[in-house]
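Take a moment to look over the chain from end to end.

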Amino acid sequence: MDSIWGNWRRWNNLTGWFIFIFSSIVYLLTREPTVSFWDCGEFILAAFKLQVGHPPGAPLFLMMGRVATLFAGSDTTKVAVTVNTLSALCSGFAIMFLFWTITHLVRKVFINGIELESKHVPAIIGSGVLGALAYTFSDTFWFSAVEGELYALSSLIIAIVFWGMLKWEEEEEKPYSGRWIILIAYIMGLGLGVHRLNLLIIPVLVFVYYFKKYEVTTKGLIKTILVALVLLWLMVFVIMPGVPEVAGWFELLFVNILGLPYNSGLLFFMIILFGALAFGIHYSLKHKRVILNYVMTSLIVVIIGYSSYAMIMIRSSARPPMNQNNPSDVFSLSYYINMKQYGSAPKFYGNYYSAPVTEAKKVISGYNKIDGKYKPYYHPEYSYNKQFETIFPRMYSSEPDHENAYKYWGKVVGRKFSGGEGKEALVCPTFGENLRYFFRYQIGFMYMRYFMWNFAGRQNDIQGNGNAINGNWISGIKFIDEARLGKLDNIPKDLKNNPGNNKYYFLPLLIGLAGMYWQYKRNNTGFWLVMAFFIMTGLAIIFYLNQYPNQPRERDYAYVGSFYAFAIWIGIGFMFVYEKLQKLVGNKGSLAVTFVLLIAAVPVLMGAQNWDDHNRSGRFTARDIGANYLKSCAPNSILFTYGDNDSFPVWYNQDVEGVRTDVRVANLSYIQAGWYIEMMRQKAYGSNPLPFILGPEKYIEGLREQLPVDNRVNKPVNLKEIVQFAGLDDNKYKVDLSGRGDYLNYLPANKYIIDVDSAKVLSNGTVKNYYKDRIVSPMIWEYPDGDAFKGDLAIMDLLSTNKWERPVYFSTTVPSSQYKGLEKYFIQEGLTYRIVPVKTDKPEQGEFGMIDPLVMYDNMMNKFSWGNAGDPSVYLDENNKRMFCNFRRIFGTLSKELLLRGDTLKAVEVAHRGLEIVPSKKLPYDFFTIGIAEVLISAGKTEEGEKLLSDVIKYSKEYLDYAISLKPEERYGLEYPTGINMQGLLDIYNTAVKLKLNSITKTLEPEINNYYGKLYSAK
């Protein structure tokens, strides 16, 4: 028996390390060689210089990332790939622990039932290999393994914690086995510095302890569930938010009452806290209270792990260039950790989306540091009509686009209530409709769809919104897929050929279900452990997040722990097939057949299907596009951006690779916060502070959040005077709209004068000589909205004090709602609009401002790079494709302007470059290519231009033909592709009329009428 155990341990350890090496090689081969889109740029730059990223922060990940970046040496272009490598290796280790978890659970069946025999060893190893490799090639996990995000490290922590508890279970009868419990507690504490969803595995650990220590009874299970939920509640709702909150009580006492320096109360609290825990450990040892010792020691190591957040406070106090929320004291740290800026979704009781507000009261949001004290600031907390409240509220967001989606997913008819005299009746959903939304959207669409992506197949890599052609799961079995999604032959060709079209034919799912059955029959307690893991990292997260509809991106990464649990069952499914075949072909034959058959049917199939859309090697698009925004700006500029993908890659380029550090990048989503405006006041690399006339005290949190625009002065007013007026603190310069003494600063006019020194703007290049006849002096800014907000005031402040010293730009990706009337003075110079005091020409529909063809040509043709986007081997996902479609449009507008100015050669050159950066095989010609086609035809390249128009027509008709093949009620979520392709045909028709392309107009007119009649007439 000892020789069998030795043989087992040797092969188990060796195979585990082989799995680590294999999976790591897969991820290293397919990792992105530089920064990726979304949060990766922010995480990488924050790790590189230990800066403070967005809440709730990930200090452990950042510190580990900082160590990883040291391997880049002095080559900053390698920094991103070192962080991506960290993710790849963390993912490889997670796969290794998954292998050991599976082999432990399968071996447990034999040592608990019959004696382990040598013939069982290869089968157990085969189980681990199957499950580990299946997860290696799974869609969601692979995506996170090749980019610089925290989810790979988060998965590793979950894997270690679950494996560690199984090791405790194995060694529980040995002396000092309790060390495993302490280690697990410490790792979970560290995990708080990565992602808080790791805590959801706590109930699983409680079940491991119960099944090992006690005889399983119904009463015992109920008690265990209650204990597990209480522990989870304590960690999530008491310890995590409670520790900084109690520290805040001490801080207020010591600073505001005793007059001591900032952070003195925090230091005293930490001394008291660790002193109390140390005393508890001493007491437990002295009186031999084993359970108490475990509890106290576990608490102290959890808090030690949690103390990684000290790094956030320390680095925030150093005022780095990125210092989100400025969490330099315990109150801002608590605000930061608990993500209060994002609000919270109701969990157990709350309002429906249509609930009328009955009361608004002020509650403390946080504290500002003023004159050595903490002074509170407030936010409104709303109460709602009780008839519109419910237990387990799922449909709660009052955003208009959310409301429409709630009605679709919940099939809301509702109950009608009077809205008041002269008002429409209010519709309140029923509880049944609330549950229907929960099951259809939150479980069905936002979890089961992702689950099936990983174990049945995926339709494409386009974000889904409920329609039948984007982002659904498929299996590859036609009659099953068509029963859900309709005729697959009717969908557009580019979707059929999408790299994300991956078909597994249910094979991973079926093997996993077989594994569930085998484990349930052979080891019931093991089955319930994995099931608890599966539920807590799946359904429990659905409940906790309570997601509203129309999420900005796919959220499958949130449920990666649940997919990890199912991969355990896939591995165990090996045993089911092995034992069935054993009766037919014997032990050795069954082992060989099962291994070859299942490895081919699951991991090999998944790897082959997923490789093309998970291989990011050679892709530099995010880095280069971020740099292009900066290269669009003149020296010493100020650039306003808006979202993640036009900000994080830009910041990465500046902070890590040192690209155009003279440009100050200001995110319009953040500039509504006082801490961000304060951050803009400090020098960052080669960029001087932004000039503001109002002092920092005017922008602190809680002040000037909203400023009504009152047109009592019906003429233009100097912008500097407006800003100074808005900065006055006396109530006589404010307005009380509520009648309750809530005085607000306001703007007394909506037309503002910005002084223009014509000689100055010409001499410093703000206005080019060829635009000098267009100069407007003064420049009149007409503000279009009825309210301004803190960020708007900051922009007014900047424009009034800048005096045309520094160029000011808006990224072309900023929503037009954020232009606030300044678009009247936009001149496009690349991927940015520059504010210039000139009279601009009226732009084409959908465009803004005027193009400077000389500057823009030089930027786009000579300075920009496109990240290998045109390489046939480089994968472009939906996000990249959407951006490059827009870049085609921008090339088209530039080439049109050049053509209008008589420079045909350059116009054609630009048009061809717009087509070359991504060939049509990778990105079909669509609506955004029409401008290029028009230029080519106008420039005499008629055949080439008409071929382009023909391709666009074909592309658009495929989408429109698909839409009209559906019944009107089946077209939900198709508004955008239908609308933009219909507009494409209309634009081509108008272009053909203008260019006298009679063959196109003759063919297209009846087709447009046909589509319009079938798509819109019924409405």
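A helix here is a DSSP run of H or I at least four residues long, and helices are numbered from the N terminus. With that in hand, find Asn653. It sits in helix α24, which covers residues 648-655. Keep in mind that this is a predicted model.

Is Asn653 buried or exposed? Its relative accessibility is 2%. Buried means under 20%, so Asn653 counts as buried. Which residues does Asn653 touch, once neighbours within four places in sequence are set aside? The contacts are Arg623, Gly626, Ala627, Leu630, Gly658 and Val659.

Now move to pairs of helices. Two packed helices are described by the angle between their axes and the distance between the axes. Start with helix α11 (residues 264-286) and helix α12 (residues 290-306). Their axes lie 8 Å apart, and the packing angle is about 155°. Angles over 145 degrees count as roughly antiparallel, and α11 and α12 are therefore roughly antiparallel to each other. Their crossing is left-handed.

Look at the side where these two helices meet. From α11 come residues including Leu273, Phe274, Leu277 and Ile281. From α12 come residues including Leu292, Met296, Ile300 and Ile303. By class, the contact of α11 with α12 has 14 nonpolar residues, 4 polar and no charged.

Next, turn to helix α30 (residues 878-900) and helix α32 (residues 930-938). Their axes come within 8 Å and cross at roughly 30°. Angles under 35 degrees count as roughly parallel, which makes α30 roughly parallel to α32. The crossing of α30 past α32 is left-handed.

Who meets whom here? On the α30 side are Arg888, Gly892, Ser895, Lys896 and Leu899. On the α32 side are Gly931, Ile932, Glu934, Val935 and Ser938. This contact divides into 3 nonpolar, 4 polar and 3 charged residues.

Finally, step back to the whole protein chain. It has 35 helices and 21 strands. Its radius of gyration is 31 Å, close to the 31 Å that the globule rule gives for 1019 residues, so the chain is as compact as a globular protein of that length. Along its principal axes, the C-alpha trace spans about 95 × 80 × 70 Å.

How much of the chain is buried? Buried residues make up 58% of the 1019. Sequence separation comes last. Take the contacts with a separation of 6 or more: residues 24 or more positions apart account for 74% of them.

Key:
Residues numbered from 1 in each chain as written. Predicted model: local features only at pLDDT ≥ 70, side-chain atom pairs only at ≥ 80, totals over all residues. Heavy atoms only, no water. Axes fitted to C-alpha atoms, helices over the stretch in contact; angles between N-to-C directions. Parallel < 35°, antiparallel > 145°, perpendicular 65-115°, else oblique. Left-handed = near helix turned anticlockwise from the far one by under 90°. Contact = heavy atoms within 4.5 Å. Nonpolar A, V, L, I, M, F, W, Y, C, P; charged D, E, K, R; others polar. Rg over C-alpha atoms; globule rule 2.2 N^0.38 Å. Buried < 20%, exposed > 50% of the residue type's maximum accessible area, 1.4 Å probe, protein only.
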